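Thanks for making time this morning.

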Amino acid sequence: MEFVLLGGPAALVGDRMLDLGPARQRCVLAALAVDAGRVVSVDRLIDRVWGGNPPLRARATLLNYLSRLRLLLADAGGEVVVRRPGGYSLQVERSAVDVVHFHDLCDRARAVDDEQAAVLLRQALELWRGEALTGVDGEWAEAERDRLYRRRLEAECDLTDVLLRLGHGEDLVAALAARAADWPWDERVAGQLVLALHRAGRTADALAHHRRLRDRMVEQLGTEPGAALRDLHQRVLEADPALLPSPAVIRAAAEAPVPRQLPASPRWFTGRGAELARLDEALAAEPGGAPAAVVISAIGGAGGIGKTWLALAWAHRHAEQFPDGQLFVDLRGFGPADEPMAPGTAVRGFLSALQVDPGRLPSDPDAQAALYRSLLSGRRMLIVLDNAATPDQVVPLLPGSSSCTVLITGRTRLASLIDRHGVRQLNLDVLSRTESRALLATRLGAGRVAAEPGAVDELVDLCGGYPLALSITARHAGPGVPLAEVAAELREFGLELLDHDTDPTASLLAVLSWSLRRLTDEHRTVFGLLGIAPGPDATTPAVAALTGLSPARARRALSALEDAALVERRAGGRWAMHDLVRAYAATTARDLLDGVREAALRRVLDFHLHTAHAADRLLDLRRQLLEPGPPAPGVSPHPLPDAVTALAWLEAEHATLLATQRAALALGHHDVAWHLAWVLDTFHHRQGYKRDAHTTWQVALEAAAHLPDPGTRIRTHRHLGFACSRLGRYETAVEHLDQALVLAVHQHDLTQQAHTQLALALAWGAREHDSRAQDHAQRAHDLYHALGQPAWDAEALNTAGWYAARAGDFDAAREHCHAALVLHRQNDNSAGEAQTLDSLGLIAHRTGNHRDSVELYRRALAVYREHGYAYQVATTLDHSGHPHAALGQHDQAREVWREALRLHREQGRDEDAARVRRQLDDLDP
């Protein structure tokens with residue numbers, strides 16, 4: 001278990017980041033972690049968490065936070081938050097808390113020689129992953145954050161002093177100049193920069209920097225620089241030879257040049273703890289501390305996902321493990337340049353960095369690569385091959401020595417490197433919400449992020465954890481610009497806000513466009529069509545329908561897009577895109593002919609509609625058959641052999657089917673939009689998806705206005721009224737049902753009148769108008785009986801019996817329900833039979849026959865479970881608890897009500913869930 005405060009607070013168990021709860025609870029953990037291994041009193045914890053203004057129940061609240069943390073951390077890795085005499089302690093190894101480890105490394109660096117001190121101080125500074133105590137507010141947190149920030153500066157200055165004593169100079173100038181800009185009054189930093197500039201041969205710049213600092217101090221503070229800086233200034237003026245590296249250091253550098261080609265460590269790098277750990281595994285130390293044999297790690301991912309940042313951050317953290325140097329090359333696989341760098345060019349660049357005289361280079365490229373490998377033999381070096389496009393670029397740059405380590409970044413999978421050279425693959429995903437917030441806090445400052453948490457959450461959502469999008473957004477949020485305003489612009493303009501007219505590397509659109517260059521025309525077309533296809537993801541059969549390709553060709557196209565990190569394969573044979581990549585794909589679809597786009601969308605709409613229609617037939621063979629129009633040429637529904645497969649397909653494709661209906665309405669395919677509501681209705685009813693049923697019938701109502709069949713409008717109002725009733729919107733429900741009845745009477749459609757009377761019975765019954773509900777059910781029964789529709793007549797009889805029982809007319813209730821049961825069995829309607837058994841269970845319970853009631857409910861539940869009627873299972877479980885309770889079988893009542901409570905919550909039945917919760921509470925007064 002690892003505790004992160006320098007970029008946290010966070011707790012990591014392996015690759016998993018724990019959810020530490022609300023901000024105060026995270027502050028409690030931080031207050032313990034800074035003193036890991038020591039007892040922190042309750043009073044001190046209260047002071048750290050709330051400062052001088054604790055709430056009235058601060059102690060009780062603190063103990064609650066501590067209890068939650070103990071349980072959370074115990075579940076994750078063991079008892080680490082421990083109660084001790086006088087307070088609480090975080091009992092972990094000191095190295096497990098980054099801030100404690102940081103202090104220990106800094107302290108150890110003071111007791112060793114300069115070579116060892118440089119290693120220890122670099123390790124200490126690499127522990128910082130962002131601002132300390134990110135997101136923790138309060139007086140103590142601010143003071144601790146400031147103290148740690150100053151300790152970090154002290155460690156940076158200590159490392160610089162060590163490196164200056166070791167003879168460094170020119171290589172320190174850039175970092176010192178940035179540090180001096182951040183700390184313009186720090187004389188120690190100023191002195192280090194003066195000395196580094198002098199050693200770099202820039203004595204005039206060194207003296208000018210001292211003069212500017214002195215003038216500023218005299219003018220604004222009325223004082224001269226201190227004695228140490230004045231003495232250094234004088235020694236520079238006198239060209240004191242002691243300020244330069246010793247002759248031995250200079251001679252050694254000349255005789256053994258060490259290339260240090262790594263670009264600067266990314267300033268805004270945050271998070272990626274799991275990925276850094278996996279790269280650490282690739283450099284596992286042998287006994288004695290020697291590097292492991294060569295392990296080549298490829299870092300893949302879409303453009304702008306942060307591959308180079310991760311590679312450089314890791315490389316800088318481990319630079320000291322490669323004393324013979326680091327080589328870096330941008331292979332330009334994806335970028336503004338049209339062509340990637342030739343591998344021979346990269347080899348010659350590396351040979352130049354290794355101080356090979358150009359006149360001694362062999363002319364043959366293979367001989368040059370062999371010379372490169374020979375020079376690396378036995379050296380402990382890190383080679384970073386950034387932005388590779390093909391394996392052919394990489395293979396000549398792989399060292400033959402087991403003492404070297406290579407990092408490769410690229411957008412493609414470079415499969416042959418994995419297969420033939422044993423490359424370890426590390427694919428990058430988007431940042432987590434915590435990491436995204438940390439990146440914005442690093443770029444914008446913790447204060448701004450904390451001041452507008454809602455706007456920050458929206459920015460994180462709109463950017464989807466995409467590092468480049470977050471960075472571009474942070475650039476737009478200049479000083480004084482409210483983050484809410486930036487979020488509103490991003491919401492309105494989307495990808496346009498993430499574009500840049502003059503700098504392609506600062507444009508998400510340009511960065512993504514480079515991934516398309518090596519795709520075939522067919523693959524680019526598939527990419528564009530995926531951007532406009534409805535739904536969050538797609539299966540291969542759906543993509544085949546969308547594109548008009550054979551399943552095999554569609555699968556090959558998806559594999560090519562996966563290789564280019566433009567789509568991601570997920571479980572269940574599904575293919576997904578990041579929202580921003582999808583939005584970019586949609587922009588490329590504009591380049592396709594209108595007819596191509598329209599035909600593709602019609603095919604995929606028809607594919608989903610006709611497959612859903614086949615699934616609906618399997619779920620309810622007795623339902624009225626309303627055939628949609630024929631599918632587009634070449635489109636066949638996905639084969640579904642049985643009801644179980646149909647139910648699984650509908651569940652897996654549910655989000656896509658809802659999106660398909662919206663797309664059909666927007667495109668003017670009103671028949672498709674209406675039929676999708678119809679074929680999803682049974683599924684929604686069984687699964688208890690009340691809100692989705694309401695939404696689909698609302699869309700169907702818009703579509704029905706454009707369809708000629710009046711029966712369509714009758715059905716729409718009836719189903720929408722029923723959906724409103726199930727959501728408790730009773731007045732709206734009755735309005736739609738009355739309208740359906742008026743239309744049915746006008747059309748002389750007795751069947752639709754009967755259906756609507758039955759729906760009105762359910763609507764009025766839901767409002768507990770049992771007599772009115774019974775009256776509507778009786779009218780439905782009369783109509784069904786006259787029409788000779790026994791299956792529907794059974795439904796009406798059962799409904800009449802149910803409301804008669806609720807009204808206390810048990811004789812009539814039994815008569816109706818037994819008649820319904822006979823009809824259901826004659827029509828082999830097991831679901832209807834279960835519904836009637838549920839009604840008889842209520843009658844038995846209300847008349848004191850509790851054991852009969854339990855048995856009737858049990859039989860109903862068995863049927864519902866067998867056929868996957870989740871909504872009805874929850875309802876009958878709810879009902880069945882009452883006879884158990886009446887019999888004193890409290891354990892059985894608790895069992896069924898707890899399951900009912902869980903299902904009600906899953907189905908969004910909040911009122912039912914609250915009622916069952918009260919029933920459970922009444923069992924345990």
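What covers the buried residues of α24? Before I answer, please keep in mind that what you see is a predicted model. The cover of those residues includes α25 (540-547), α26 (551-563), α27 (579-589) and α28 (594-619). The residues in question are His523, Val526, Phe527, Gly528, Leu529, Leu530 and Gly531. As for the helix itself, α24 runs over residues 521-532, and because twelve residues at 1.5 Å a residue should span 16 Å, the 17 Å between its end C-alpha atoms agrees with expectation.

If we leave aside its neighbours within four places in sequence, Tyr466 is in contact with Ala302, Gly303, Gly304, Ile305, Val430, Leu508, Leu512, His578, Leu580 and Val581.

For the chain as a whole, we have 925 residues, of which 51% count as buried, and there are 43 helices and 13 strands. The C-alpha trace spans about 115 × 70 × 55 Å along its principal axes. Among contacts with a separation of 6 or more, 66% are between residues 24 or more positions apart.

Next, a helix further along the chain. Helix α37 (residues 790-806) has 17 residues and reaches 24 Å from its first C-alpha to its last, close to the 24 Å expected. It is mostly covered, with twelve of its 17 residues buried, and these pack against α35 (750-766), α36 (770-787), α38 (810-826), α39 (830-846) and α41 (870-886). After α37 comes Gly808, whose phi is positive, near 90°.

The axes of α31 (residues 670-687) and α33 (residues 710-726) come within 12 Å and cross at roughly 35°, and the crossing is left-handed. On the α31 side the contact is made by Trp674, Trp678, Asp681 and His685, and on the α33 side by Thr712, Arg715, Thr716, His719, Phe722 and Arg726. By class, that contact has three nonpolar, four polar and three charged residues.

Finally, a residue in a loop: Pro340 is found between β7 (326-330) and α14 (343-353). Pro340 is partly exposed, with a relative accessible area of 24%. Not counting residues up to four places away in sequence, Pro340 touches Leu331, Arg332, Gly333, Ala389, Gln393 and Arg518. Pro340 and Asn387 are 47 residues apart in sequence, and their C-alpha atoms are 9.1 Å apart in space.

Terms used:
Residues are numbered from 1 along each chain as its sequence is written. This is a predicted model: local features need pLDDT of at least 70, side-chain atom pairs count only at pLDDT 80 or more; totals for chains, interfaces and linings use all residues. Side-chain values use heavy atoms; hydrogens and water are left out. Axes are lines fitted to C-alpha atoms, for helices over the stretch in contact, and angles run from 0 to 180 degrees between N-to-C directions. Helices (H or I, at least four residues) and strands (E, at least two) are DSSP runs, numbered from the N terminus. A crossing is left-handed if the near helix is turned anticlockwise from the far one by less than a right angle, and right-handed if clockwise. Contact means heavy atoms within 4.5 Å. Ala, Val, Leu, Ile, Met, Phe, Trp, Tyr, Cys and Pro count as nonpolar, Asp, Glu, Lys and Arg as charged, and the others, Gly among them, as polar. The expected span of a helix is 1.5 Å times one less than its number of residues. Buried means under 20% relative accessible area, exposed over 50%, partly exposed in between (1.4 Å probe, protein chains only).
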